[in-house]
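Open the model in your viewer and keep the selection panel at hand. The stops below say what to select and what is there.

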Amino acid sequence: MREHSIGIPTEADWPEIPLRDLCHLVSRGTAPTYVENSPVLAIGQRCIQNSGFDASNARPHDRRYKRVLWAAPGDVLLNSTGTGTIGRSCIFDKSNMFMVDSHVTVIRVDRTKAEPRWINALLRSRWGQRHLESHCYTGSTNQIELSRSELTWMSVPVPPYMEQRRIAEILDTLDSQISVTSRIIDKLQARAHGLIEDLLASTAAEKTPLGIHLTQPPKNGFSPKEVDEWTGLQAIGLGCLTPDGFQPRQLKNVPARDGRNKSALLNDGDLLMSRANTRDLVGLVGIYHDVGSPCIYPDLMMRLTPVETCRTAYLELLLRSNNSRRQIQGLAQGTSESMVKVSGASVRQLRLAIPALFEQDRILSIVDTVRLEIDAQKRERNGLIRLKDGLAEDLLTGRVRVSEAEAILENL
């Protein structure tokens, strides 16, 4: 039994029982037959999100093919193939006609023995994910698969049923608070987007070519060779430029000698634009900020340096507007929608309305106020996520008991 243990260091006197003895069913789904319209929907991997079951990603399945695995309310759905998706789980909470496709495993718990939400919490824990990876996955790269037989032998701690249920309810309460905060953030962001578009459109400034507002032509980045070891120098990846601006991710170690070219090094506050990507993403902009080590930017980006009469933050705002995005996408060239490019020369021809500095500052001040409100909500959500993650570990190990956790929630 020890070999198949999920490995949670329980501090409570809970027995460990294999999933096969706790479930009515552990089975992969069946291959769907997709149609344009049908009351039957096929559950695929994209339906299974960390935030829960997402029915919007289910696709219509031909109702004439009835030899399928139907999802039932309370089923634990577990992604069973593919790097990056395998191991993700959620609770199915719908009552419509949903069939399960062959990339998803259904775990149907015997509710006289275990609470489905308890099993789902165990699978999503770091111990559950580690056990799945070390015992239940077969294959390599994107051909990775979940072994049903190994999964059924996975042994998990089983507290008394009512304790499982109360733990699940505590975690659900935190999930609900996180969801409420996320919806508030979504509404604020939508409102901010509309406000920014209105503010940019309200200026009386004449549209002029972007080139006259730059100190020099846009400068393409470099193509350094990635290395495994830490060298003290990094290159940012194309994914650092997002619809929300610069995000410090996809950082790669590169040879230290590449930093000798001073023009390659990024400075805090540099404005970057992607010059190659899909048509939807080409031309994304972001203001680089210090990531803790010297960085250079790749050849798939260009650096824009505005003149003193144009604020970098305002130019970023303007280039992210709907009007600018349409212009950039119209200028992009390529034979495939999966990779198009925009040149520095064409970017210089973008026609933008850039008002006087006092007007730029007024608009940026309004935008900053809205962003502060959004940031406050994001901090609150992040705090709830940290609380849930920590409390989940404490509850799953028995380190914190239900009464203590309920007292913590009462004080929120």
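Select helix α4 (residues 161-202) together with helix α9 (residues 402-410) in this predicted model: their crossing is left-handed. The two axes come within 10 Å and cross at roughly 20°. An angle under 35 degrees counts as roughly parallel, so α4 is roughly parallel to α9.

Now show side chains at this contact. On α4, pick Glu163, Arg166, Ile167, Ile170, Thr173 and Leu174; on α9, pick Val402, Ala405, Glu406 and Leu409. By class, the residues of this contact are 6 nonpolar, 1 polar and 3 charged. In an α-helix there are 3.6 residues a turn, so residues three or four places apart point the same way.

Next, select helix α8 (residues 357-397) and read off the distance between its end C-alpha atoms, which is 58 Å. At 1.5 Å a residue, its 41 residues should span 60 Å, so the two values agree.

Move to helix α1 (residues 116-124) and helix α2 (residues 126-136). Their axes are 4 Å apart and the packing angle is about 70°, so the two helices are roughly perpendicular to each other. Leu122, Leu123 and Arg124 of α1 meet Arg126, Gly128, Gln129 and Leu132 of α2. This contact divides into 3 nonpolar, 2 polar and 2 charged residues.

Finally, colour by pLDDT. Where is confidence lowest, and where is it highest? Strand β25 (residues 333-336) has the lowest mean, 80, and strand β7 (residues 76-79) the highest, 98. Over the protein the mean pLDDT is 92, with 99% of residues at 70 or more.

Notes. Residues are numbered from 1 along each chain as its sequence is written. Side-chain values use heavy atoms; hydrogens and water are left out. Axes are lines fitted to C-alpha atoms, for helices over the stretch in contact, and angles run from 0 to 180 degrees between N-to-C directions. Angles under 35 degrees count as roughly parallel, over 145 as roughly antiparallel, 65 to 115 as roughly perpendicular and the rest as oblique. A crossing is left-handed if the near helix is turned anticlockwise from the far one by less than a right angle, and right-handed if clockwise. Contact means heavy atoms within 4.5 Å. Ala, Val, Leu, Ile, Met, Phe, Trp, Tyr, Cys and Pro count as nonpolar, Asp, Glu, Lys and Arg as charged, and the others, Gly among them, as polar. pLDDT is the predictor's confidence in each residue, from 0 to 100. The expected span of a helix is 1.5 Å times one less than its number of residues.
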